[in-house]
Amino acid sequence: MAETTLLEAPSATGASTAPRWRASARHAVGVVAPGTAVIYLSLLVLIPLAALSVTAFHGGSSAFWAAVRDPESWAALKLTLLSALVVVVLNTIAGTAIAWVLVRDQFVGKRLVSSLVDLPFALPTIVAGLTLLTLYGPDSPFHLDAAGTRFGVWIALAFVTLPFSVRAVQPVLAALEREAEEAASSLGAGSPTVFRRIVLPSLAPAMLSGAMLAFARAMGEYGSLLFISGDRPFSTEVASLRIFGLYENGQNNEAAAVSLALLSLSLVVLLLCGVLRRRLTRPEFG
Amino acid sequence: MPRLPSVTRVLLPAALLVSGLACLIDVPSAGAAGGTIDLVAYSTPAAAYTAIDVAFSKYPAGAGITVAGSYGPSGTQATNVINGQAADVVNFSLEPDMEKLVQAGLVSPKWDAVGPDHGMVTDSVVVFIVRKGNPKHITGWKDLVRSGVQVVTPNPFSSGSARWNLAAAYGAERKLGRTPAQAQAYLQALLSHTVAQPSSASAALATFLTGTGDVVLDYEDDAIAAINKGDPIQYVIPPQDVLIENPIAVTTHAANPTAARAFVKFLLSKKGQELWAIEGYRPVLPGAAKAASITFPTPRQLFTINYLGGWTKVEKTFFDPTTGIVAKIEEGLGQSTASG
Amino acid sequence: MRRLFGRFGLRTTVLAYLALLVIVPVGAIAYRAFAPGLGTAWHDLANPSGASSAGFFHALILTLVVAGIAVPFNAVFGVIAALVLARHRFPGARLLDAVIDLPVAVSPVVVGLSLVLVYGRAGWFGGWLAARGIQVIFSIPGIVMGSAFVSIPYVARAVLPVLQEIGTDQEQAAATLGAGPWQIFWRVTLPSIRWGLAYGVTLTTARVLGEFGALSVLAGNVVGHTQTLTLYVGYLFEGNLDTVGADVGAVILAVLALCVLAVVSLAGSEKGSPSWLSRFARSPRSSRTSSLSTTSL
């Protein structure tokens with residue numbers, strides 16, 4: 001490419017001296033490209049989700065609510081929400097702790113540990129399930145049989161959501177300026193206070209971001225729960241398993257209804273968290 | 001201005017080209033040239049079909065034909081075919097799943113006029129699979145509801161095996177002289193002892209083999225296959241038992257009907273039935289088991305589904321997802337355990 | 001000293017948590033897969049009783065073919081979407097922004113169900129497709145669509161912040177020098193986003209290789225034809241055909257996952273960013289506010 005520098009002021013008449021087809025080509029690209037993207041998104045995501053919503057209300061809104069409030073489906077939705085919240089709270093704390101150790105601590109093998117944190121994201125969910133079953137199932141060498149219990153469900157969810165909790169916090173923690181903390185501790189504040197008053201408020205939005213991603217993932221998780229949960233109705237049958245069961249039985253309308261309920265539930269919580277996150281970051285501008 | 005790395009310049013268009021070409025790859029089913037039969041079956045006979053397909057290909061009728069098999073829970077497989085999965089031959093665990101396809105217009109209502117046993121290809125019975133040595137001494141239905149015994153049975157709303165299991169349990173109680181109310185109470189007790197309900201018979205056995213439960217209710221043929229594989233199990237045939245009958249049919253929209261019909265004919269022929277017997281399935285053709293030198297013990301009080309009024313009645317009374325007896329039992333059990 | 005103890009205690013707790021949750025289970029499955037010996041492991045994987053011996057290889061090829069289609073499509077879409085969002089102001093931009101993120105919140109089973117409801121035999125387009133003999137669900141196109149659905153956001157989300165950071169100066173300069181839109185794109189835009197694109201493509205590939213839930217619903221599980229590696233492993237385990245084979249398949253998938261991670265961390269270390277996933281955890285708007293908030297300390 002020519003050695004023209006970028007310091008030359010862009011000529012105001014530059015564009016108009018270019019051939020006219022160039023301008024219309026640019027204009028066409030400006031329409032075709034977004035158009036293609038919209039078509040792709042529609043065929044793949046929007047239309048199927050629309051079909052889901054329509055099918056969910058196939059028998060009218062009374063049929064929709066009947067399907068959602070069906071005792072087994074309702075139990076599944078409640079269980080899913082509860083498990084997601086429990087695991088997200090646990091992993092937000094654990095994730096922050098892990099991020100802290102990865103950023104502030106130094107020990108042999110830290111890089112290896114760091115890459116292991118990403119493993120649950122890259123691992124196929126079915127493999128994650130089989131893996132956890134090895135240690136926490138009936139064949140466990142430590143006799144830690146959690147298969148068929150809610151505990152097993154939580155372990156699987158904690159596994160798959162761990163990377164989100166850690167990686168959301170880590171860069172923010174790494175970018176944190178230490179002066180405020182050092183100032184506070186030189187003034188006599190103990191470590192817990194420094195953490196609570198100085199570090200935590202800066203980390204809170206990032207922790208919330210990680211929690212949101214983890215929550216979305218946990219609400220919909222299927223593959224890793226397939227074997228370890230035992231799929232026991234009213235006990236360990238989470239919403240995704242219930243939806244699959246309804247679909248298997250040919251009950252498409254009910255499956256769609258529960259799916260829509262699950263999706264709406266996730267989106268509402270995510271929306272609220274998004275609002276909360278914006279409010280947490282706003283006061284910083286002082 | 002840095003040029004795009006040349007690797008990327010080549011790679012990206014190449015990838016798009018490859019993906020474009022790959023779109024043209026057709027799944028070699030749907031009756032493409034070369035004679036492929038799409039078989040959609042329930043979960044258990046995967047191993048059996050592998051052996052039988054090999055034998056079939058050695059016959060003139062089967063020369064050059066490959067069978068592409070899909071195996072899964074019977075109910076799910078029926079749903080998939082209705083949703084468009086390619087199928088030339090369908091082999092389900094029980095009649096109602098075949099009836100679903102008849103209602104969808106995918107199987108002729110005359111499917112049960114084929115073969116020596118009104119459309120059935122194999123029989124079996126419900127057995128109790130226990131750990132080797134039978135440590136909990138399970139010999140009959142009463143032992144399943146003994147204190148401390150944990151049962152594994154598939155989910156009745158997707159698995160054919162589960163429905164056979166529960167029908168057998170109910171029928172057994174009736175055969176033993178109990179009233180319908182008492183038999184229903186037995187079902188409740190059985191389900192309260194159930195610790196896992198995987199989606200299919202095979203999944204249930206797999207779950208059992210990983211250490212869950214003391215006994216799994218399954219097909220006799222599944223048990224036989226597992227023992228032949230060397231799994232550390234043994235099985236018990238209860239004296240009161242139901243005769244499991246597995247239907248087969250060629251679909252109306254089969255892409256390869258000639259080959260499909262030849263295949264089903266083979267499965268119902270003397271040679272085919274002998275092969276089924278060797279795989280552990282009770283043949284429907286009289287004399288086939290004897291010809292293969294295999295004996296299948298007959299339970300003392302064997303009954304068919306007609307003893308309970310036929311599948312249509314049983315499906316409606318027991319397995320309707322909202323009003324069925326089993327659905328209500330599960331719901332009742334759930335409410336008492338949901339607080340846990 | 002209390003400080004040292006506090007740090008040591010935290011480190012131990014953290015390492016113990018990671019060990020119990022990630023390290024030991026992964027090690028255990030590798031042990032169980034290869035304990036009977038390497039030869040047995042390979043034999044069980046490639047020749048499980050009851051499944052065609054070609055099942056594993058078919059699954060591997062199918063998985064690669066699916067990735068070979070879904071990933072480039074999503075990469076192209078992701079770049080276009082990112083360009084549209086970064087460079088144009090139009091009504092509905094925020095909606096597009098939100099919709100791109102939507103697939104992350106949808107359960108894989110729901111993904112499969114919604115695709116079946118549109119492209120299945122009884123679906124919205126089912127009749128139209130059947131009349132033309134096109135099989136989408138239970139065939140390769142369906143598998144590709146399901147895999148693409150779940151991995152849509154990654155490229156767009158990885159590229160968008162880069163585009164916003166670098167701004168349009170260079171592109172405008174090129175335009176005034178007489179470059180056409182294609183030239184601008186190939187010579188200016190694409191090179192500047194190549195690291196973001198690489199991140200996004202790697203994440204997308206990992207996600208596609210690992211997809212299971214949606215495929216359970218819409219692949220049809222035809223042995224040797226529509227089983228991806230994940231489905232094959234699930235089939236081996238659930239079908240009780242060979243748990244050792246399932247374990248070996250699981251380990252192979254885990255190794256593939258580690259390779260993907262290695263690629264990402266190599267690219268990441270070049271750029272100096274400690275964590276690729278964190279880019280994805282922040283939407284562009286909040287990333288700017290949070291980085292501003294930390295510097296205000």
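The entries below go from confidence to the interface, then to one helix pair and the salt bridges.

**Ground rules.** This is a predicted model, where local features need pLDDT of at least 70 and side-chain atom pairs count only at pLDDT 80 or more, while totals for chains, interfaces and linings use all residues. Residues are numbered from 1 along each chain as its sequence is written, chains are lettered from A and ligands numbered from 1 in the order in which they are written, and side-chain values use heavy atoms, with hydrogens and water left out.

**Confidence.** I began with pLDDT (the predictor's confidence in each residue, from 0 to 100). Chain C has a mean of 78, and 80% of its residues reach 70 or more. Residues 280–297 of chain C are below 50, with 31 contacts beyond near neighbours in sequence; contact means heavy atoms within 4.5 Å. For the complex, the predictor gives an ipTM of 0.84 and a pTM of 0.82.

**Chains A and C.** How many residues does each chain put into the contact? I found 99 from chain A and 95 from chain C. The buried area is about 8500 Å², and carbon and sulfur atoms give 79% of that. (Buried area is the accessible area, with a 1.4 Å probe, that two parts lose on being put together, summed over both.) On the chain A side, A:Tyr40, A:Leu44 and A:Phe121 lose the most area to chain C, together 8% of what that side buries.

**One helix pair.** Next I looked at α6 (residues 125–136) of chain A and α13 (residues 229–238) of chain C. Helices here are DSSP runs (H or I, at least four residues), numbered from the N terminus. The two axes come within 9 Å and cross at roughly 35°; axes are lines fitted to C-alpha atoms over the stretch in contact, with angles from 0 to 180 degrees between N-to-C directions. A:Ile126, A:Leu130 and A:Leu133 meet C:Thr230, C:Val233, C:Gly234 and C:Phe237 there.

**Salt bridges.** I used this rule: a side-chain nitrogen of Lys or Arg within 4 Å of a carboxyl oxygen of Asp or Glu. Over all chains the count is 19, and between chain A and chain C it is 1. C:Arg11 pairs with A:Asp105, their closest N and O atoms 2.8 Å apart. Within chain A, A:Arg242 bridges to A:Asp70 at 2.9 Å. A:Arg242 sits in helix α11 and A:Asp70 in the loop between α3 and α4, so this pair ties together parts 172 residues apart in sequence.

Terms used
Helix = DSSP H or I, 4+ residues; strand = E, 2+ residues; numbered from the N terminus.
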